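Thanks, everyone. Let me put one model on the screen and walk through it.

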Amino acid sequence: MHKLTSWGQAITGVMLIIICSMIPSSIIYPQEDLSLSIIPLQSNWQIQGVLLTSLLCGPQVGTISAISYLIIGLFYLPVFHGGGSVGYILTHEFGYLLGFIPAAWLCGLLAKKDTKANLINYSFYTGMSLCVVHIIGIIYLIIGKVFGNWLENLSDLILINTFIPFPTQLLLCVAISLLSIFLRRVLIIK
């Protein structure tokens, strides 16, 4: 029965990641006339979907969900930010997607070892996992540049793919940490 539950969680995790990849991040604030104004940010909720799955379900389910998401995007559906297919391996964004796997493991492992969930610890875990995603993405960019996979300047690629979206993603890590604590209490997850 436990294996069936784990597979159900993994399928749910993959669906969560796919749905989160379609949600752009933005800041919504009220104006003087009580209408809402929206400021779009340089990211979506894709990484946070992976981290939320790991925080709630643990390292194994988070890792299985991340791997399944990559397989679906490479071979079945265009679920990545820039589409999908096997050709996506040659894009400079793919290294960041590869970083989902160790990030999911790390985030889930740290959350599993933490006996009392709190916002500071979970924000730290998700922030560390976000750093893992970006480190692996930068390594992939360097390897791709050495082998001549892209003509763009390496510093520009790192700026566009890491330094510009990182503050937004870090802010979303705090939001996802708060959401996971709420869901743990509502769903009575230990």
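I'll take the overall fold, then the hairpin, one serine and the cysteines.

A word on the source. This is a predicted model: local features need pLDDT of at least 70, side-chain atom pairs count only at pLDDT 80 or more, and totals for chains, interfaces and linings use all residues. Residues are numbered from 1 along each chain as its sequence is written, and side-chain values use heavy atoms, with hydrogens and water left out.

Overall fold. The protein chain has eight helices and two strands. Those are DSSP runs, numbered from the N terminus: helices are H or I with at least four residues, strands are E with at least two. In sequence order the pattern is α-β-β-α-α-α-α-α-α-α.

How does the chain pack? The C-alpha trace spans about 55 × 50 × 30 Å along its principal axes. Of the 190 residues, 42% count as buried. Buried means under 20% relative accessible area, exposed over 50%, partly exposed in between, with a 1.4 Å probe and protein chains only. Take contacts with a separation of 6 or more: residues 24 or more positions apart account for 67% of them. Contact means heavy atoms within 4.5 Å.

Now the hairpin. Strand β1, residues 24-30, and strand β2, residues 36-44, run antiparallel and are joined by six bridges. Pairing requires at least two DSSP bridges between two strands. Pro-30 has Leu-36 in β2 as its bridge partner. Five residues sit between the strands, and Leu-34 in the turn has a positive phi of about 70°.

Next, Ser-180. Where is it? In helix α8, residues 166-187. Buried or exposed? Ser-180 is buried, at 0% relative accessibility. Its side chain reaches the backbone oxygen of Ser-177 at 2.8 Å. Beyond neighbours within four places in sequence, Ser-180 contacts Leu-52, Leu-55, Leu-56 and Tyr-122.

How many disulfides does the structure hold? For Cys-20, the nearest cysteine sulfur is that of Cys-173, 12 Å away. Cys-20 is buried, at 8% relative accessibility. For Cys-131, the nearest cysteine sulfur is also that of Cys-173, 8.5 Å away. Cys-131 is partly exposed, at 33%.

Notes: A disulfide is a pair of cysteine sulfur atoms within 2.5 Å. A polar contact is a pair of N or O atoms within 3.5 Å; within protein, one must be able to donate a hydrogen and the other to accept it, and residues adjacent in sequence count only if both atoms are side-chain atoms.
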